[in-house]
Amino acid sequence: MFIRFIRWWKQWRSEWLDYPLRQGMVWAGRYRIEQFLGMGSYGQAYRCIDLQAGATVLMKRAKPSKRDIARRMLERESGIMQQLDHPQIPKWLNQAKHRREASLIMAFVDGDNLEQLIMGQGRTYTQLEGLFIVRQLLAPLKHLHEAGFVHRDVRIPNVLASGERIGLIDFGLACRIGEEQPDERQKMAEDGEPSGFADSWGAVKQQMRYPYPSSDLYGLGHLFLFLMYAGYVAEDGQEELGWEEELVLEPAVKGFVRGLLEKRWQAAAECERELAAILDGRQ
């Protein structure tokens with residue numbers, strides 16, 4: 001009975017600490033909260049008005065219940081984003097503190113992520129549309145890798161569609177190439193099973209989290225398969241098969257996706273050239 005009470009108390013306290021900021025509140029004397037956008041394992045996102053600049057911005061607040069680990073991750077993310085300058089990556093604007101809490105301020109990009117489009121709006125994708133999304137994502141990934149970093153979380157919730165432009169967002173797990181993460185063991189132990197993979201999270205988590213560019217390309221392969229499965233309907237009584245048997249893909253495309261999942265390429269630039277050859281061959 002006592003153990004159950006302690007668990008309940010911890011859960012209640014965590015939810016109380018992480019209760020979203022109220023609309024209209026001014027954070028750090030500058031950022032007025034307009035809308036709560038969502039919450040992840042270690043952060044909360046808000047659409048805000050920068051009262052000094054008169055612009056709409058996105059504020060990522062370190063999740064209070066996660067304390068030091070959330071603040072350290074936010075500081076690392078802020079440091080990485082300051083070194084990036086690409087039109088498909090949100091622009092870093094500021095790192096603000098409010099009392100004992102920290103937040104990251106970046107340019108607000110209007111749009112829906114692929115998870116919202118697929119699961120909320122029923123969006124499906126053709127093979128060619130999926131390849132074009134992959135091609136667009138290779139550009140910010142190449143910029144990131146050439147700057148010396150790896151994203152480590154290339155999934156449908158972290159890909160934003162704004163009109164015809166595809167953007168890469170949420171650099172909370174990004175790190176330097178080859179960097180060991182002191183908080184990684186705790187974070188992976190607390191992770192649930194997120195959306196955005198063709199297979200179970202347990203089967204891909206280790207491959208996704210290695211701090212090397214090939215891990216981002218591996219995630220990109222699963223992202224493409226997820227796009228294809230968004231419109232897949234199995235026949236009645238059909239047994240579950242592998243993606244190569246279930247999905248109708250051109251041989252060259254199958255080979256390309258297999259290469260992503262096998263980590264055949266070590267850099268986004270190599271992968272980009274391979275995909276360009278496939279798309280040029282279709283014209």
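What we have here is a predicted model, in which local features need pLDDT of at least 70 and side-chain atom pairs count only at pLDDT 80 or more, while totals for chains, interfaces and linings use all residues. Residues are numbered from 1 along each chain as its sequence is written, and side-chain values use heavy atoms, with hydrogens and water left out.

Let me turn to the salt bridges, by which I mean a side-chain nitrogen of Lys or Arg within 4 Å of a carboxyl oxygen of Asp or Glu; by this rule the count comes to eleven. One of them joins Asp-50 to Arg-30, with the closest N and O atoms 2.8 Å apart. This pair links distant parts of the chain, since Asp-50 belongs to strand 3 (residues 43-50) and Arg-30 to the loop between strand 1 (26-27) and strand 2 (31-39), 20 residues apart. For strands and helices I use DSSP runs numbered from the N terminus, with helices being H or I of at least four residues and strands E of at least two.

How accessible are these partners? Asp-50 counts as buried at 5% relative accessibility, whereas Arg-30, at 21%, counts as partly exposed; buried means under 20% relative accessible area, exposed over 50%, and partly exposed in between, with a 1.4 Å probe and protein chains only.

A second bridge pairs Arg-61 with Glu-101, the closest N and O atoms being 2.6 Å apart. Arg-61 sits in strand 4 (residues 55-62) and Glu-101 in strand 6 (residues 101-107), so the bridge ties together parts that are 40 residues apart in sequence. Here Arg-61 is buried, at 3% relative accessible area, and Glu-101 is partly exposed at 26%.

As for helix 7 (residues 213-229), 16 of its 17 residues are buried, so the helix is largely enclosed by the rest of the structure.

Finally, Arg-165 is found in strand 10 (residues 165-168) and, at 47% relative accessibility, counts as partly exposed. Leaving aside neighbours within four places in sequence, Arg-165 is in contact, meaning heavy atoms within 4.5 Å, with Pro-87, Gln-88, Gln-136 and Leu-160.
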